[in-house]
Amino acid sequence: MPLAARETLDAARPWLVGLSRAAIGLLFACHGAASLFGVLGGAHGGGTVPVLSWPGWYAAVIQLVGGALVLVGLGTRTAALVCSGSMAYAYFSVHQAEGLFPIQNGGEAAALFCWAFLALAATGPGALALDGLLARRAPAAVRPVTA
């Protein structure tokens, strides 16, 4: 790849990560809203999950709150790690018994969300995140160390 193209792509990386983060967070929050409030088609095609039911209600809360936090880029790494873990749990507790591969057991969304959130936890929020805005406003003595 020519050096100019590589430099252009490197400069765009934070923006692409930020846009991906927002899209992933929005989609995940929509799953939570559907399960908790019956909007957007509801849980499993209609209705809501029973309040405090394990694991459905708790998963829906993680989806809504975690997805919203990732969407706006607030506490992104922690929220993404929790969301990734919840999707790993969903995959192995719900889908894995139905078949070896996600395409066989209906776990494609759980697997994709799990890996996408894990990548966001590792890379950070990218551009257009509240994390970055708050870090710029914080005094130097309390700024978090970022990679």
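Predicted model: local features only at pLDDT ≥ 70, side-chain atom pairs only at ≥ 80, totals over all residues.
Start your tour by selecting Leu 40, which sits in the loop between H1 and H2. Look at its backbone: phi is near 55°, a positive value in a residue other than glycine. Is Leu 40 buried or exposed? Leu 40 counts as exposed because its relative accessibility is 63%, and the cut-off for that label is over 50%.

Stay in this loop and move along to Pro 55, which also belongs to the stretch between H1 and H2. Select Trp 54 together with Pro 55 and display the backbone. The peptide bond joining Trp 54 and Pro 55 is cis, with omega at about -5°.

**The whole chain**

Now zoom out and switch to a cartoon view. How many helices and strands does the protein chain have? There are 6 helices and 0 strands, and reading along the sequence gives the pattern α-α-α-α-α-α. Along its principal axes, the C-alpha trace spans about 45 × 40 × 25 Å.

Of its 147 residues, 31% count as buried. If you look at contacts between residues at least 6 apart in sequence, 64% of them join residues at least 24 apart.

**A stop in helix H1**

Return to the cartoon and pick Ser 35, a residue of helix H1. Why does Ser 35 count as buried? Its relative accessible area is 14%, and the label applies to values under 20%, so Ser 35 is buried. Show what surrounds this serine: leaving aside neighbours within four places in sequence, Ser 35 is in contact with Ala 43, Thr 48, Val 49, Ala 60 and Gln 63.

**The largest pocket**

Next, look for the largest pocket, which holds about 650 Å³ of space. To find its centre, select His 44, Ala 59, Gln 63, Met 87 and Ala 90, the closest to it of the 26 residues in the lining. Which elements give two or more residues to this lining? They are helix H1 (3-37), helix H2 (56-72), helix H3 (76-95) and helix H5 (108-123). Colour the lining by residue type and you will find 17 nonpolar residues, 9 polar ones and no charged ones.

Centre the view on Phe 117 and show its surroundings. Apart from neighbours within four places in sequence, Phe 117 is in contact with Ile 24, Phe 28, Val 70, Ala 80, Cys 83 and Ser 84.

**Last stop**

Finish at Leu 128, in the loop between H5 and helix H6 (130-137). Here phi is near 60°, again a positive value in a residue other than glycine. Leu 128 counts as exposed because its relative accessibility is 57%.

Conventions:
Residues numbered from 1 in each chain as written. Heavy atoms only, no water. 1 Å grid on protein atoms, 1.4 Å probe; cavity = no way out; pocket = protein on both sides within 12 Å on 5 of 7 lines; lining within 4 Å. Points joined across faces, edges and corners; volume = space filled by probe spheres on them. Helix = DSSP H or I, 4+ residues; strand = E, 2+ residues; numbered from the N terminus. Nonpolar A, V, L, I, M, F, W, Y, C, P; charged D, E, K, R; others polar. Contact = heavy atoms within 4.5 Å. Buried < 20%, exposed > 50% of the residue type's maximum accessible area, 1.4 Å probe, protein only.
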